[in-house]
Structures are given as structure tokens and as C-alpha cells.
Amino acid sequence: MKCVIFLICALLANFVYSETVVADELEDAKLLIAKNVLNNYIVEGLNLTIKYTIHNIGSSPALNVKLQDENFPAEYFEYASGFNVAQWGRIPPKSNVDHVVVVSPKLPGMFNLTSAVVTYLPSEKASKVQTGYSTELGEVYIQKLSDYNRRYASQTINWILFIIIASPSILIPYFLWNSSKSKYQKSKKLKKSN
Amino acid sequence: MISIIFGILLLATFSLGQQCNQAKIINVRTWTSENSKLNIETAYIIQFKAQCQNNARNVPFYGEIDGKFLVSSADATGETYEISWSEPIKKARSGEIKVRIFDEEGYGAFRKAQRSGDFSKIKELHTVTLYHQGSYKGPSIQIEFLVTILFGVIFYFAKSSINKIQN
């Protein structure tokens, strides 16, 4: 019996403690970071749009927020727009900010999209820098541009070429038939006039 | 005494660092995504440089679109800023999109004006006009369809000529 009472007391104490911890934690800023790809397909040489959304779910503003994504090295990607290091002086509580970057993959193949790192001060009193990681997307396949074009690009030029190639087989018999027809009609007219 | 003076100086530096005096916005670049086959959402990016008289860096600027505000992010140097957002392709704005850029002071004044309804004194730092022609969804008539129609007409002509001769 004593053991059961002790266990219940311990559980209650633990519950109260964890509630206090959660309340304390949320008094400071707490950032949740989502990294999303805004593409249906990732293709070599075409734009890959990445969107970072940072939510501050805490009750204090996050200060000196720095987002850094080293996932797109210069030998594999080219930055078309946006920057790989983004900073905000302050992100107010219960608010979110967006940051969009556009990169262009230089090579086809499998590529691991890892998480971005965010560092911030959780409150004005805080001296220790907090580090957070964004969601990661894992391995993605970067298609070859020629494969993508074969499947999805407009085939207008190919069809025009097809018409040019197919036209002799239609036009040559037509002109032969047309010339013999006109000759036949001429001889028919001559016969009638005689 | 020295520590108090030092503290006041520190505070002044901190507060000065947060404000950009007489901001001048230059080198504005805009970008939008236009391929609807490739993208899930349309992304809009505005990049600009801000020159402050007090050389302040990494200060917040706010972009206003239809009464909604977006906070800018700064690059590693703290001199180049970006205001970016995305919208689902079906709901994405197209044509000329005007984004008014405000500094902290202007943003505060705009929020006050939203409550009072008096926008007469509101002045933005700069207005960026973004042009998005709408996402390209491919040609309205597929080339395959045109080619089929063309060869259908040829076949019809040939067939009707054969029938004429045989009759």
C-alpha cells in the first residue's frame, strides 16, 4: 500500500514538474523550422525553389536569428536568387517568417537534401545561443534535362520535322496523280472537240 | 560612473543599430517562378540593397501587399535584403503586383493607420512593381492535335478522290 501511494506521489510530482518545465520553456522563444521544396520535379539546369518557414511558438521574441543552409555547395548547385545565409534581428512571438531561395542543380543523379541550421537567442536575457534544425527531405532524384524534355517539354519542333519528312511520301504521289489527271482531261477535251 | 556611461553608450549603439536612418533602397531585383509543370507553388522574390545614413545593418524592412505585411531577411553582410513569399499556382497573383516597402517607423505608422483608418500620412520608402505573367501551362492547343487534324484532312481528301475515280 505504501509503495502504491509513493508511486502515485512520484507520478504527480513528475507531472507538476513537467508542466512547469513546459511553461518555462515556452516563456522563451522556440523556433520550428520547415524546409520545403516547391517543385514537382527536380531537373538538372532548371530552377529548384526551396522555401524555409520559421515559426516562433514561444512567448518571447527570438533575437539574432540566423538561418544557414550548406546543403547546396557551389560544385553541385548555382544560386539563381536568394541567399544561403539569412538573418532576422527579431522574430516576434506567435509569428512566422518565410525565406525563399532558388537554386539550379548542375548535375543529375541522387542528392541528399539535409536540414538547414538556425541559431538564435531565445530571450533578451539569454547568453547561450540556441541551435535548431529544419525538417529534412532526404534523398531526391535530380532528373537529366534531356529526360525531362522528352517527357514534358513541347514537341513542336519534332512534329514539324515529322511533317517535313512525311510530306514527300504524300505529295509526290499526289502530283503524279494530278499531272496524269490533267493530261487525261486534256485528251478528253480534245476528243470531244473533234 | 564609467560603467554607467559605458552602459548608456552600449544602449545607444544597440538602439541605433536597430534603426536605419534615411534609408535609401537601391539595386532592386525581382524574380517569380513561371513554370507550372515544374513548380507546385508560385514563388515571388524581391531583393534590394538598403543604404542607411548611420550604416545600420540587418534592420527589418516590411513589404506590404494588399494590407498584409512580410518581414525582410538580410544576407550574411546585412546589407542586401529579401522579401519573399509563395502562393499556390491556382490562387497566385499575376500581372503587376505592387509591393510597398516600409522601415520599422513606417510599419508602425501603417499599423496605427489601419486602426484609425487615416492613411493620408503614410509614406513608404519605396514601391517595387513585380510583374508575373502567370504560370505557363503549355500551349492552349496541343501540337499533336493539330498534326492529327492535318493528316485527317489529307486522308479525307485522298479517300474522297479515290471514291470519285472508282465511281
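Helices (H or I, at least four residues) and strands (E, at least two) are DSSP runs, numbered from the N terminus. Counted in this way, the elements of chain B follow the order α-β-β-β-β-β-β-β-α-β-α from the N terminus on, which comes to three helices and eight strands. This is a predicted model, in which local features need pLDDT of at least 70 and side-chain atom pairs count only at pLDDT 80 or more, while totals for chains, interfaces and linings use all residues. Residues are numbered from 1 along each chain as its sequence is written, and chains are lettered from A and ligands numbered from 1 in the order in which they are written.

Chain A has three helices and 10 strands. Its elements run α-β-β-β-β-β-β-β-β-β-β-α-α from the N terminus on.

Two further terms are needed for burial and contacts. A residue is buried if 20 or more other C-beta atoms lie within 10 Å of its own, exposed if 12 or fewer, and partly exposed in between, with C-beta atoms placed from the backbone. Two residues are in contact if their C-beta atoms, placed in that way, lie within 7 Å. Of the 194 residues in chain A, 23% are buried; for the 167 residues in chain B the share is 23%. In chain A, 72% of the contacts between residues at least 6 apart in sequence join residues at least 24 apart. In chain B, residues 24 or more positions apart account for 64% of the contacts with a separation of 6 or more.

One open sheet of chain A has four strands in the order S1-S2-S6-S4, with antiparallel pairing. Strand S1 (31-37) and strand S4 (77-81) stand at its edges with a single partner strand each, so one side of each lacks a neighbour in the sheet. Neighbouring strands are turned by 30 degrees against each other on average, direction ignored; the axes behind such angles are lines fitted to C-alpha atoms, for helices over the stretch in contact, and angles run from 0 to 180 degrees between N-to-C directions. Two strands pair if DSSP finds at least two bridges between them. The pairs are as follows.

| Strand pair | Sense | Bridges |
|---|---|---|
| S1(A) and S2(A) | antiparallel | seven bridges |
| S2(A) and S6(A) | antiparallel | nine bridges |
| S4(A) and S6(A) | antiparallel | four bridges |

Individual residues mark these pairings. Lys35(A) has Tyr52(A) in S2(A) as its bridge partner, Lys51(A) stands opposite Val100(A) in S6(A), and Tyr79(A) stands opposite Val103(A) in S6(A).

A nonpolar core is a set of buried Ala, Val, Leu, Ile, Met, Phe, Trp, Tyr and Cys residues joined through C-beta atoms within 7 Å. The largest nonpolar core has 48 residues, of which Ile54(A), Val65(A), Leu67(A), Val118(A) and Tyr120(A) touch the most other members. Elements that give two or more residues to this core include strand S2 (48-56) of chain A and strand S2 (41-51) of chain B. S2(B) gives the most, with six residues. Leaving aside neighbours within four places in sequence, Val65(A) is in contact with Ile54(A), Gln87(A), Trp88(A), Ile91(A), Val118(A) and Tyr120(A).

Helix H3(A) is hardly covered, as the count of buried residues among its 38 residues is zero. Tyr184(A) is found in this helix, residues 156-193. Tyr184(A) is exposed because 10 other C-beta atoms lie within 10 Å.
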